[in-house]
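Dear colleague,

Please find below the structure I am handing over to you. My notes on it follow directly after.

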Amino acid sequence: MSTRFIKMMSVRRTTLVSRKVLIDSLVRLSPLRLTANPVMLIVEITFLIVMAMALDPEAFPRLASSSLQIFYLEVALILLITVWFSTLSDSLAESQAKNTANSLRRLEMEVSSKKILIEAGSRRIALTPSRELRTGDLILLEKNDTVPIDAQVLEGIAMVDESLLTGESTAVRKAPGDDVIGGSQVLSDTLTAKVTVNPDETFINQMIRMVESSKRPKTPNEQAVTIVLIGLTAIFTILIGALLGVSLVLSLAADLSVLIALYVCLLPTTIGALLPSIGLSGISRLYKEKIVAKSGRAVETAGDTDVILLDKTGTITVGNRQAVEFLPFSGFDERDVGEAAFLASWHDDTPEGRSLIRLAYEDGFVPKEMNALDASEVYEFSASTRTSGVKLAGGTGFMLPKSGGTGRERGRLRRKFEPHVEGGVPIGSDETEIIKGAPDAIKKIVKSIPADYDKTVQEISAAGDTAMALSRNREAIGIVRLRDVLKPDIREKIMAVKVMGIRPVMITGDQPLTAKSIAAEVGIDEYKPEAKPEDKYDIVKREQAEMRIVAMIGDGTNDAPALAMADVGLAMNSGTQAAKEAANMVDLESNPAKIIEVVMLGKQLLMTRGAVTTFSIANDVAKYFAIMPVLFASTVPELKALNVLGLGLNTAVLSALIFNAIIIPLLIPLAMRGVTFKPSGTMTLFLKNTMIYGFGGVIVPFVGIKLIDVAISLL
Amino acid sequence: MLNLKREFRQIYGPAVRLAVISVVLCGLVFPLVITGIAQVFLPSQANGSLVQLHGRNVGSSLIAQNFSLPIFFHPRNDSASGVDPDITVQDARSQIPRISSATSISSDMLKQIVNQNEEGTFWIFGNPYVNVLRINLALIQTNSSAYRAFQ
Amino acid sequence: MDWKEYFLAALIVNIFQMALAFVIFAFQGVLPLNPQGFPGLSWDLAFMQVISFGTNTNLQHYNGEGNCVQLPNCAALTPGVPGLSYLSQMMAVQFLQFTSAATGICAAVAMIRGFVAHSKDLGNFYVDFTRSLTRILFPLCFVASLVFVGLGVPQTLTGYQVFFTVESAATRATQTILVGPVASLVSIMQLGTNGGGYYGANSAYPFQNPNPASDIFQIFLMLLIPTTLCFVFGQLIGKKRETRPILWGAYALFALDLLIAFTPNFPVVGPGMEVRFGGFFSVFWTVVTTAVTTGSVNASLSGLNPFVILSAFNGMLIQATPGGKGVGVMYMVMFIILTVFIVGLMSGRTPEYLGLKITARDVKLVMIAFLVHPVIVLVPTVLAYSTGATSAIGVGPNSIGFTKIFYEFTSAAANNGSDFLGASANTPFFNISTAIVMFLGRFAPIGLLLSLGGSMINRKRLTTEAGVRTDSPLFALILVGSILVLALLTFFPFLALGPILEFFQGRMNGF
């Protein structure tokens with residue numbers, strides 16, 4: 001699956017810290033650039049103070065001593081490095097984002113398009129740069145052209161290569177009404193299409209804008225974390241300020257640089273430094289799944305989903321049903337049914353039709369009338385009759401070509417079949433008419449209904465399967481059992497969703513018995529059978545009225561209102577433009593099952609932020625109780641008992657500061673990759689994260705500081 | 001002007017009324033009612049649990065009285081209130097030799113008096129103690145000869 | 001009333017009430033019911049005391065009996081030493097003790113109403129206030145006052161009684177018995193978690209607390225309303241199970257306070273304790289009085305082990321163990337929201353409480369409410385030293401002195417009222433600084449938390465199954481943990497320089 005797209009999305013490790021990034025990170029050290037990151041600005045201010053202490057200790061009576069100049073210099077250096085690590089993380093994240101944006105922009109590369117101008121009733125082609133196209137413009141797409149912008153096909157049928165976007169290497173057939181995406185390539189034939197978006201409105205463009213903008217609006221969760229950071233910073237500022245005051249009034253002779261070091265150790269520097277890159281990485285990870293999000297907010301909302309609407313087809317089952325059994329009515333045998341199914345499905349290009357031919361072929365039911373197929377008359381499937389079929393006109397002796405040629409060739413003789421018109425098309429004596437369709441539809445056109453017709457159909461439904469009836473010359477000859485094939489590990493996915501407290505609701509057009517059986521098989525308690533597209537909208541509305549957050553997928557124009565209303569709406573790229581516009585995410589691969597991945601990704605993003613925050617705060621707590629006692633033990637001898645680690649003051653301060661600085665780059669990979677988690681309930685996840693990032697975050701600094709302390713004293 | 005007046009009537013008016021009503025109810029009516037009931041039904045406690053010797057008020061059983069003569073049990077003077085009326089039984093026993101030698105009342109007799117005046121055993125948490133004023137009055141009443149001057 | 005109207009009504013009524021009490025304090029010399037002839041209080045002391053009683057703090061920079069307590073045979077007043085007339089005790093002290101208690105109950109109920117589904121506003125302050133007085137405080141205090149009289153607490157308007165003592169035949173000594181309308185004051189001071197005593201020695205003075213029975217009854221009264229309000233929370237919001245985190249959290253912290261206080265050794269009667277209470281009840285009382293921010297004492301704080309003081313600090317710094325009546329519940333809800341937020345953050349879910357999504361604004365309000373406390377404790381503590389106000393009253397720059405000053409402002413900020421300094425802090429600096437701290441410590445969190453409650457009205461309620469279960473013992477445990485971490489982070493260094501240092505010094509040098 002390694003495609004150009006993925007290659008472009010991933011950033012090559014070797015170029016991760018380029019000279020440009022380094023220079024950028026140094027430029028960012030300017031206090032003016034740091035205003036966006038108050039925690040780091042404070043650290044830089046403290047750097048300046050300690051630097052001043054190093055240069056002129058006399059200027060700080062009672063707070064600094066001239067014998068400690070070297071120590072002040074060391075402290076100042078580490079403080080500066082701390083700020084630099086943070087700006088480096090910012091620069092890295094932004095350069096990565098820029099790379100992504102650039103590679104995306106290549107998809108939107110400037111191509112000259114063939115704009116169709118209609119002047120005085122005649123058409124003229126004008127070569128126009130794609131960025132000048134506007135909604136409603138007509139364009140001509142010829143063989144080997146790159147589609148300049150998202151458009152809707154008006155005339156013509158052509159094969160289009162969308163692999164650049166979706167990674168699927170098969171060519172897609174585009175007919176009037178279909179959408180073509182900017183960046184894809186026309187492989188054959190010619191299309192006339194109408195531009196559906198303005199150049200800066202394409203979703204690739206939206207994605208570029210979001211990735212590039214450094215002033216990305218903060219998501220609610222980011223805002224909340226920021227408040228915690230500000231709160232903690234405020235607490236520690238008050239604390240250290242008061243401690244400085246108390247130290248002065250009680251004549252404790254605490255060194256200012258030590259208090260400053262303590263202050264910086266307590267500040268939530270880790271999360272402060274990593275917060276921007278966590279947000280960006282979540283969106284990048286979504287791109288890796290080939291999903292385009294229109295905002296970072298949508299991804300996080302996905303993590304809060306309460307109800308998830310799953311379309312049965314494509315999400316729970318692998319697309320269409322597969323034929324598994326031929327059931328003849330009395331008077332006919334399996335061969336009759338199998339051969340009839342073969343003939344009726346020859347012109348049917350759907351996976352369902354193909355599965356009928358495959359089953360018949362595997363069972364050895366290849367009909368002798370096969371050579372008449374090419375000259376047959378095809379009844380195309382119609383939604384109103386819910387049947388399709390074929391009429392064979394006598395002739396024998398032709399050999400069937402190995403493959404059926406293109407659909408277009410096969411459909412040469414197509415014409416509409418209207419069985420409800422009394423009599424329909426008359427059947428000649430040497431003609432055979434085979435019709436397949438929904439059992440109740442077939443029931444209407446056959447001359448007599450076999451006694452076990454309803455019973456057979458019902459039994460099949462009760463087992464969760466679908467029945468398809470076959471008639472030959474208006475005589476019911478048998479039923480085909482079609483079975484839904486579940487997607488691999490869909491059961492586990494549903495289970496994971498349920499464990500996280502999210503309610504899956506299955507939406508299907510199947511009748512209730514079938515729906516119930518499939519839902520039960522994959523462990524879904526709630527399902528909506530015989531669903532019409534409006535039903536999705538109603539369910540979204542109902543769940544939202546009860547203040548639940550709803551995630552859903554959709555592809556048709558009918559789905560657009562529901563997609564627009566749902567908190568998380570994932571549109572299929574193969575779907576209509578209306579659906580894509582209404583949704584807040586688009587899956588380039590058009591795989592409806594991805595909605596589950598989106599929810600999990602959202603969860604992962606929220607959790608990564610939470611884990612790093614927890615770790616950072618736990619670190620602060622640990623550093624607090626590692627340094628504070630050392631400080632007291634050095635100023636108030638009676639408090640020696642509190643110095644559990646047995647550290648010396650100056651080396652302890654240096655160790656803690658060094659630890660404080662290096663933990664930032666060490667955590668960058670975690671921030672970028674995201675934490676791994678096993679789906680489980682809120683409290684279980686909380687406890688697990690507390691164990692790993694909370695207690696881990698407390699223990700790591702104690703060990704780390706002691707180790708660095710030992711290393712320093714060895715030097 | 002008009003606005004100010006209306007504002008006062010709407011916001012400050014009720015507040016002032018409530019403040020005045022509450023000061024009368026909480027600060028005057030309530031304590032006076034309690035005082036009335038207490039004076040009628042529990043006059044002794046309400047007036048300070050005063051203690052008499054030969055019909056004359058000599059103090060309150062709840063407030064320590066300063067005893068300086070060696071013939072009496074002495075109160076503590078390092079306690080939180082400064083007027084702790086009680087001493088521990090151990091404290092009382094430790095004063096027996098002094099009182100005994102000053103009054104020639106036998107130690108056994110004094111021990112018995114201490115035991116009789118022991119109070120306040122409160123499950124496992126309390127520690128027995130002795131009320132100094134009451135035990136001294138008991139001394140005076142049971143040993144008229146030794147305390148002739150205080151009869 | 002919306003939260004602003006409710007808060008303003010409460011504030012204005014409280015200010016008018018304090019103004020009335022100020023007049024009585026300042027002019028008690030010329031007002032009736034002053035058999036001892038105490039002169040009016042100085043303006044700064046009167047100002048500080050009305051704020052102290054009006055904010056439910058009851059820090060006292062005077063002794064109610066003037067300086068008679070130091071002289072067992074006090075016959076005459078020493079000029080310049082403030083004391084209170086019977087009228088001041090009743091119409092200033094007792095009055096504000098009633099009204100501040102009622103205000104606390106109102107504030108809590110109003111905030112809870114915000115969390116109640118379908119409530120349209122926070123209620124009407126005037127109605128709530130009147131009902132709190134007439135339906136809760138008056139009936140309970142009526143019974144409690146008579147019980148106290150029965151146990152020996154005086155209730156009279158006749159002046160101090162002077163007698164010749166038992167020894168007078170030999171020494172001609174007299175004794176003054178300091179009676180007064182004590183029982184009615186003690187009932188509301190304990191029930192309303194006020195803590196301001198009739199006497200300087202507070203509930204160590206035998207007339208205020210005559211025997212172990214009255215001691216236990218007072219402990220019961222202190223805990224009664226704060227504990228009841230935990231249940232009121234669940235009752236009002238219609239989910240009784242939601243009482244659990246508040247109640248369990250509060251009493252778990254209370255148990256921890258007890259553990260700290262009793263850790264060094266099982267206390268025996270020592271100097272500074274009353275014999276009738278013994279060591280156990282002196283320490284137990286100190287834990288209770290700080291856990292519910294009452295601030296009454298039945299022993300001298302200086303006589304207690306530094307670890308008991310540490311436990312007292314714990315109660316005052318958290319203020320929700322179970323805290324003062326009203327504000328204790330409010331603080332606990334504040335801590336619950338903080339905890340829910342942290343849990344949500346760590347489990348990858350937008351936090352919600354009672355089905356209400358916790359927004360960034362809520363967290364901001366809660367954060368500010370939490371931050372008010374360290375600022376108003378630490379800034380004046382440093383100022384007291386740097387301005388020389390401490391040396392002026394003979395408090396030194398050592399661990400013992402620091403504990404006293406830190407305790408003074410912690411107690412003022414927490415609206416507790418117990419203190420080491422007492423009447424010795426009757427200086428303009430301490431009067432004005434503690435007055436400001438008490439006012440902010442009372443009304444800033446109440447305003448912020450009412451605003452929090454107010455913002456919950458009309459907020460959509462989620463019926464989600466995936467959130468944090470707040471009614472589980474596990475949540476209570478997490479709640480206690482996060483409260484302790486927050487309190488420790490903020491105050492540990494100062495506790496270390498105060499009681500903890502005192503403890504280590506005491507261990508080295510012997511107590």
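In chain A, three strands make up an open antiparallel sheet, ordered β6-β5-β8. Its edge strands are β6 (171-174) and β8 (185-186) of chain A, each of which pairs on one side only. Strand β5 (residues 158-161) of chain A is joined to β8(A) by two bridges in the antiparallel sense, and D161(A) has Q185(A) in β8(A) as its bridge partner. Here, strands pair if DSSP finds at least two bridges between them; helices (H or I, at least four residues) and strands (E, at least two) are DSSP runs, numbered from the N terminus.

This is a predicted model, in which local features need pLDDT of at least 70 and side-chain atom pairs count only at pLDDT 80 or more, while totals for chains, interfaces and linings use all residues. Residues are numbered from 1 along each chain as its sequence is written, with chains lettered from A and ligands numbered from 1 in the order in which they are written.

Between chains C and B, 64 residues of chain C are in contact with 60 residues of chain B (C-beta atoms, placed from the backbone, within 7 Å). On the chain C side, α4(C) gives the most, with eight residues.

Chain A is divided into four parts by an automatic or database domain assignment: domain 1 (4-102 + 210-287 + 600-714), domain 2 (112-198), domain 3 (291-318 + 487-588) and domain 4 (322-483). The C-alpha centres of domain 2 and domain 3 of chain A are separated by 31 Å. Their contact takes seven residues from domain 2 of chain A and four residues from domain 3 of chain A.

Yours sincerely

Note on methods: Two residues are in contact if their C-beta atoms, placed from the backbone, lie within 7 Å.
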